[in-house]
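Morning, everyone. Please bring the structure up on your screens, and I'll walk you through it.

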2 protein chains.
Amino acid sequence: MTTVKVTGATRLYAIIGDPIAQVRSPEVFTDRFAAAGIGAVLIPAHVPVDRFDTVVPGLMQLGNLDGLLVTIPFKARMVSFASRLGPAAKCIGAVNALRREADGSWTGDMFDGAGFVRAMERKGALIHGRRVLLFGAGGAGSAIAYELAKAGVAAIAIADPDVGRADALTQTLRDAFPSCDVAGSSNPMGADMIVNASPVGMRMGDELPGDIGPLRADTLVGDVIVSDSPTPLIQHALRTGCTHVTGRDMHSGQVEALIGFFAPASAPLTTTQRVS
Amino acid sequence: MTTVKVTGATRLYAIIGDPIAQVRSPEVFTDRFAAAGIGAVLIPAHVPVDRFDTVVPGLMQLGNLDGLLVTIPFKARMVSFASRLGPAAKCIGAVNALRREADGSWTGDMFDGAGFVRAMERKGALIHGRRVLLFGAGGAGSAIAYELAKAGVAAIAIADPDVGRADALTQTLRDAFPSCDVAGSSNPMGADMIVNASPVGMRMGDELPGDIGPLRADTLVGDVIVSDSPTPLIQHALRTGCTHVTGRDMHSGQVEALIGFFAPASAPLTTTQRVS
């Protein structure tokens, strides 16, 4: 059980979202902070969408709040609260983490894509050269597309009911990764990696997010949705025997990176600094 | 050790103040919430004085924040954030607790005075008929004066370097408690109860808050200052053998009342409702 002693001197981190009760970050990060000797707790902060403009500036000015995680639906909206952005956040225009610097300014970055790629790598998947069909060009989809392109996939086709959003992401990726073949289309084009970053699959009775073509055993499958039972896409992957990652895997995949982002001085457990 | 499992569904209470690291409420109340089966944590919220107007409205609009404790220097300033006030808060114009009602409105009240009286009673002191010399007419002093008058003291003399503040409290008490002899004066007038609600005694090297006259063994002594070593006034009480309460006693004295205020349905551990 994740427990923490909260005192007057405890430092705060918060995850903001609407809804919030389903998030697992408070348990995961409070535990990790304790393990790293950081006297901090990560609290759930329910920011109702219509009160965002009042709540977020207030939270960020708390004297003992050192960082924020950001979940649906605020990942794009929070960009304007950062004084500076990391490369992934700058390219795709969304953040899922912000930390307060010593001078009081805020640095934001986006770790969803890195978490997805890390989770795939942990399962032994080879990403380089893949032809990706991606459903969803929102915050998570953009972040994953960015990191997949950075990891050297050969092509990405992007499907989103909001065609303008798909086109904008297509152009962003083409500019950033000229050697990747990026198309704003839902054509499976012989994809050997299928990623769902749309909300389809979140509700009972949802079908696949779109035409995924035939799955082969060596197709890589990913679905950002966090759920207790497999989504329709993950069910297909299980039946076909595909290597796959879930939303939970994606979140687990970014925990190390986020701890390092939040507490650069305390977190380098895997670097040579800890050897001495 | 006070520990709590913080999840996405955990409800929040916060204590606001500047500074905040020294407060003990997070430990005390988180423990009590757990004992009462309430899935909530009380977090320290450092509200720098110059950011009050941004931080407090933001905090109060968090969807999962159910209540606030208020400490120095915000007890008077928070009155305007309450939709309605309890009797002590209404009379003295200060709150140290606010709770969110089902309709989203906020109810505020002041428990410092009740905590002080309760702490005295726990030590077996008889308050009715006492002649009180009170130093400090701020939030804590006002709250204590109100509850002492309500408990039937015969007289209260109020000393404060801010004469206007002392006079205002004098008038308030005269209006509310016509049978109590209230004087805005530092004349000991044969006091048999001495209360320090001023900041004097908080710093190393501080002397007594003023002329306390001769202490007798049956004089009651109280000091609102929370400190690890006895304040000068408490040292006098110890030497003379007076029944006395400290700031810590005052805070302990109001915990039950605050739990009942925050969670009326869950807290009546001492009422007959729990017998069935």
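First, the ground rules. This is a predicted model: local features need pLDDT of at least 70, side-chain atom pairs count only at pLDDT 80 or more, and totals for chains, interfaces and linings use all residues. Residues are numbered from 1 along each chain as its sequence is written, while chains are lettered from A and ligands numbered from 1 in the order in which they are written.

Helices (H or I, at least four residues) and strands (E, at least two) are DSSP runs, numbered from the N terminus. Two strands pair if DSSP finds at least two bridges between them. A residue is buried with 20 or more other C-beta atoms within 10 Å of its own, exposed with 12 or fewer, and partly exposed in between; the C-beta atoms are placed from the backbone.

Start with chain A. One open sheet has 6 strands in the order 2-1-3-5-6-4, with mixed pairing. Strand 2 and strand 4 (84-85) of chain A are at its edges, each with a single partner strand, so one side of each has no neighbour in the sheet.

Now look at strand 2 of chain A, residues 40-46. Is it buried or exposed? Buried: 7 of its 7 residues are, so strand 2 is largely enclosed by the rest of the structure. A:A40, A:L42, A:P44 and A:H46 point one way, and A:V41, A:I43 and A:A45 point the other way. Strand 1 of chain A (residues 11-17) runs parallel to strand 2, joined by 7 bridges. Within that pairing, A:Y13 has A:L42 as its bridge partner.

On to another open sheet of chain A. Its 6 strands come in the order 9-8-7-10-11-12, and the pairing is parallel. Strand 9 (181-183) and strand 12 of chain A are the edge strands, each pairing on one side only. Take strand 7 (residues 131-135) and strand 10 (residues 193-196) of chain A: they pair in the parallel sense over 4 bridges. A:F135 stands opposite A:N196 there.

Next, helix 4 of chain A, residues 112-122. Here 9 of the 11 residues are buried, so helix 4 is largely enclosed by the rest of the structure. A:F116, A:V117 and A:R118 are among them. The buried residues pack against several elements of chain A, including helix 3 (87-92), helix 5 (139-150) and strand 11 (220-223). Just after helix 4, A:G124 takes a positive phi of about 85 degrees.

What about the core? A nonpolar core is a set of buried Ala, Val, Leu, Ile, Met, Phe, Trp, Tyr and Cys residues joined through C-beta atoms within 7 Å. The largest has 176 residues, and those with the most contacts inside it are A:L134 and B:L134. Contact means that two residues have C-beta atoms, placed from the backbone, within 7 Å.

Two loop residues. A:M78 is in the loop between strand 3 (65-70) and strand 4 of chain A. With 23 C-beta neighbours inside 10 Å, A:M78 counts as buried. Leaving out residues up to four places away in sequence, A:M78 touches A:V70, A:V95, A:L98 and A:G108. Over in chain B, B:L215 is in the loop between strand 10 (193-196) and strand 11 (220-223). B:L215 is partly exposed, with 18 other C-beta atoms within 10 Å.

Finally, the two chains together. 36 residues of chain B are in contact with 36 residues of chain A. Helix 1 (25-35), strand 2 (40-46) and helix 2 (52-60) of chain B each give two or more residues to the side that touches chain A. And 100% of the interface residues of chain B are also interface residues in chain A, so the copies meet through the same surface.

How are the copies related? A rotation of 179 degrees with 0.0 Å of shift along its axis superposes chain B on chain A, RMSD 0.1 Å. The two copies are thus related as by a two-fold rotation axis. The superposition is by least squares on the C-alpha atoms of residues with pLDDT of at least 70 in both. In chain B, the C-alpha nearest the axis belongs to B:G58, 2.2 Å from it.
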